[in-house]
Amino acid sequence: MATDFFWSYTDEPRSYNRKPNSLSVPSNPKPFWPDPFAFLKISMVVLLQLWTATFLHDASWLKILMVALLFGSFLNHNLFLAIHELSHNLAFSTPVYNRWLGIFANLPIGVPMSVTFQKYHLEHHRFQGVDGMDMDVPSLAEAHVVKMNLKINMGRMHPMAGHFISEHYVFNPEQETYSYYGPLNLMTWSVGYHMSTMIFRGIPGSKLFKVKEIAPEYYENLESYKSWSQVIYMYVMEFGLHRATFSRMKRKLSTKTDKKSE
Ligand SMILES: [Zn+2]
């Protein structure tokens, strides 16, 4: 039974080594601009969540729990991924507007996280897998605690949350990041196109599918998923009891990585 992570001795994931310096790949003459509809989409979801809360103000607890599970959870997850989009400044070209919209998107979630998420998430992109720097990777103690309660934790897992596993949990030690090309991308700002978000920066979710069309050579021979529920099942049944939370690739901070600019 595993009690340690996979360790990589390269500065960055092997599958990213072929990345271009910019997005000016031959068949992509235009740069991608921020998503002009982001503000509208986020506002609609926030208002829908607030309206639902008002609508349920005197409903029974059972009804509230059912609506939360079957409806509100999808919208809240959508807002969480909107905050991810905004952490990359992909709604407005002026960063502070993205920050304010992130705080607005955070309202129905209830727990303030949009501002701190940006700080830690940008470190995740810059120092992927680096021990003590990338907060997306659990510490040894965290991995032990979650693994001890694995079946309870997985039993509570929402299908949309499968993306947390599919993105970076290593099913094949040759590949550190995985994409998901299924229908839930429509509700999640296309976060399933995860390889694209890690290779190329500054592309809004609404345009990520185009990157795969324009530059298919970056996706050749890469494993991907079509179902997040299947990913959760695989995580628990196929190797969960053996590797579970330790199925992450870690690396030590190198001076080269530290000096690299964003
Ligand atoms: Zn990101």
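What follows is a conversation about the model shown above.

Author: Before anything else, this is a predicted model, in which local features need pLDDT of at least 70 and side-chain atom pairs count only at pLDDT 80 or more, while totals for chains, interfaces and linings use all residues. Residues are numbered from 1 along each chain as its sequence is written.

Reader: Fine, so what is the mean pLDDT of the chain?

Author: The mean is 81, and 79% of the residues reach 70 or more, where pLDDT is the predictor's confidence in each residue, from 0 to 100.

Reader: How many helices and strands does the chain have?

Author: There are 11 helices and four strands. Of the 262 residues, 30% count as buried, a residue being buried if 20 or more other C-beta atoms lie within 10 Å of its own, exposed if 12 or fewer, and partly exposed in between, with C-beta atoms placed from the backbone. Among contacts between residues at least 6 apart in sequence, 67% join residues at least 24 apart.

Reader: Let's go to H2; where is its kink centred?

Author: The kink in H2 (residues 61-87) is centred on Gly72 and amounts to about 50 degrees, the bend at a residue being the angle between axes fitted to the seven residues ending there and the seven starting there. Just after H2, Asn89 takes a positive phi of about 55 degrees.

Reader: What do the buried residues of H2 pack against?

Author: They pack against helix H1 (38-55), helix H3 (95-106) and helix H4 (114-126), and they include His77, Asn78, Phe80 and His84.

Reader: How do H2 and H3 pack?

Author: Their axes are 9 Å apart, at an angle of about 170 degrees; axes are lines fitted to C-alpha atoms, for helices over the stretch in contact, and angles run from 0 to 180 degrees between N-to-C directions. That makes H2 roughly antiparallel to H3, since angles under 35 degrees count as roughly parallel, over 145 as roughly antiparallel, 65 to 115 as roughly perpendicular and the rest as oblique. On the H2 side the contact is made by Leu79, Ala82, Ile83, Leu86 and Ser87, and on the H3 side by Asn98, Leu101, Gly102, Ala105 and Asn106.

Reader: Which residues have the most contacts inside the largest nonpolar core?

Author: They are Ile42, Leu79, Ala82, Ile83, Leu86 and Ala105, in a core of 14 residues; a nonpolar core is a set of buried Ala, Val, Leu, Ile, Met, Phe, Trp, Tyr and Cys residues joined through C-beta atoms within 7 Å. H1, H2 and H3 each supply at least two residues of this core, and H2 gives the most, with five. Apart from it lies another core, of 12 residues, among them Met160, Trp228, Val231 and Tyr235.

Reader: Back to H2 for a moment: is Leu75 buried or partly exposed?

Author: Leu75, which is found in helix H2, counts as partly exposed because it has 19 C-beta neighbours inside 10 Å. Leaving aside neighbours within four places in sequence, Leu75 is in contact with Val45, Leu48 and Gln49.

Reader: Changing topic, where does Trp189 lie?

Author: Trp189 lies in the loop between strand E2 (179-180) and helix H8 (194-199), and its phi is near 55 degrees, a positive value in a residue other than glycine. Trp189 is buried, because 27 other C-beta atoms lie within 10 Å. Ser190 is in the loop between E2 and H8 too, with a phi near 55 degrees, and Ser190 counts as buried with 24 C-beta neighbours inside 10 Å.

Reader: And Tyr225, what is it in contact with?

Author: Leaving aside neighbours within four places in sequence, Tyr225 is in contact with Ser166, Tyr178, Tyr180, Gln230 and Val231. Its place is in strand E3 (residues 224-225), and the C-alpha atoms of Tyr225 and Tyr180, 45 residues apart along the chain, are separated by 4.5 Å.

Key
Two residues are in contact if their C-beta atoms, placed from the backbone, lie within 7 Å.
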